[in-house]
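Here is a walk through one protein structure. Keep the model in view as you read.

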Amino acid sequence: MLSLSKKLILTLVVLIAIVNIGYAQKTPKFKVIAFYTGKNDQAHVSYVHEANHWFPKMADKYGFSYDSTANWSNLNAAYLAKYQVVLFLDTRPEQAEQRAAFETYMKNGGAWMGFHFAAFALANSSYPQNWDWYHNEFLGSGQYGSNTWRPTSAVLRVNQKHPATKNLPSTFKSQPNEWYRWEKTLRQNKNIDILLAIDSTSFPLGTGPKAHEIWHSGYYPVVWSNKNYKMIYVNMGHNDMDYEHKYGKTTISLSQTFDNELQNKMIIDGLLWLGSSKKKK
């Protein structure tokens, strides 16, 4: 028989263990902050709303935390220090101090995942190529070149050697998306690790109506990482919208970016890899 004192000690040990288990379950594995604008192009706005609904569910499921903000002035050293992973859902920072804070964050071992329009830059546009480190070194893509239209699904060829894609089949069909072509040839960049590219079975890709909006051949990376940083760029993030048949003032979404099990697997596996990677010293 256990003495009263031993019973009390045993009870205390059990209670401490229960408390520790509960605390461990509530402590996130890593913290994610998503920046977005959510004002331009209904397809991008639709995606942002969808992302801010989907990521919190994934955070609960996989044990990380997810916050989001449309206040780009939060892109500063003190704010970023609270987070292990940064997302750009639809745009990029425009102010010099915001850009400097993000560059420093990434060079000090921070992690990033960006979607679709977050990589866009074009001379003489509202988003000019005026950030060389980001577009030329970090992303490696340079300026925007062209795009397919309308948003369509594509068969994607998978590089299965990366943690974000190792659990995918060799090819899979994506959600509808507006696909981008870039100024620079990414596969000639030794620092770029291409994870997904348009498979040749997708051609012709796009429906027009303009002929140059339909791709018939070529090599088009759509998801890649830079070996010098903890980052993944994802070209997905443009929902298909019913621009032709609006109901009132609302443009109806015809597709959901996150309504695709394999595509979601890539995004989550990539995010978990970013969140678990050790920081550079």
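This is a predicted model: local features need pLDDT of at least 70, side-chain atom pairs count only at pLDDT 80 or more; totals for chains, interfaces and linings use all residues.

Strands β9 (residues 192-198) and β10 (residues 221-226) run antiparallel, and five bridges join them. Within this pairing, isoleucine 192 stands opposite asparagine 226 of β10.

Now widen the view. These strands belong to an open sheet of nine, ordered β2-β1-β3-β4-β11-β10-β9-β6-β7, with mixed pairing.

Helix α2 (residues 42-62) lies across β2, β3 (85-88) and β4 (111-115). It runs at about 160 degrees to β2. Helix α6 (residues 261-276) also packs on the sheet. It touches β1 (31-35), β3, β4, β7, β9, β10 and β11 (230-234). The direction of α6 makes about 155 degrees with that of β4.

Stay with α2 for a moment. This helix has 21 residues. From first C-alpha to last it reaches 30 Å, close to the 30 Å expected at 1.5 Å a residue. At its start, a side-chain oxygen of aspartate 41 comes to within 2.9 Å of the backbone nitrogen of alanine 43. Just after the helix, glycine 63 takes a positive phi of about 85 degrees.

Which residues of α2 are buried? Among them are Val48, Ala51, Trp54, Phe55, Met58 and Ala59. An α-helix has 3.6 residues a turn, so residues three or four places apart point the same way.

Next, look inside. In soluble globular proteins, nonpolar side chains tend to be buried together. Here the largest nonpolar core has 43 residues. Phe55, Leu87, Leu89 and Leu196 have the most contacts inside it. Helix α2 gives the largest share of this core, seven residues. What does phenylalanine 55 touch, leaving aside residues up to four places away in sequence? Its contacts are Phe64, Tyr66, Leu87, Leu89, Phe115, Phe258, Ile267 and Leu271. Apart from this core lies another, of 34 residues, including Ile33, Leu80, Ala119 and Ala197.

End in a loop. Serine 141 sits between α5 (132-138) and β5 (144-147). Is serine 141 buried or exposed? Its relative accessible area is 0%, so serine 141 is buried. Not counting residues up to four places away in sequence, serine 141 touches His135, Trp182, Glu183, Lys184, Leu186 and Trp224.

Notes
Residues are numbered from 1 along each chain as its sequence is written. Side-chain values use heavy atoms; hydrogens and water are left out. Two strands pair if DSSP finds at least two bridges between them. Helices (H or I, at least four residues) and strands (E, at least two) are DSSP runs, numbered from the N terminus. Contact means heavy atoms within 4.5 Å. Axes are lines fitted to C-alpha atoms, for helices over the stretch in contact, and angles run from 0 to 180 degrees between N-to-C directions. The expected span of a helix is 1.5 Å times one less than its number of residues. Buried means under 20% relative accessible area, exposed over 50%, partly exposed in between (1.4 Å probe, protein chains only). A polar contact is a pair of N or O atoms within 3.5 Å; within protein, one must be able to donate a hydrogen and the other to accept it, and residues adjacent in sequence count only if both atoms are side-chain atoms. A nonpolar core is a set of buried Ala, Val, Leu, Ile, Met, Phe, Trp, Tyr and Cys residues joined through side-chain atoms within 4.5 Å.
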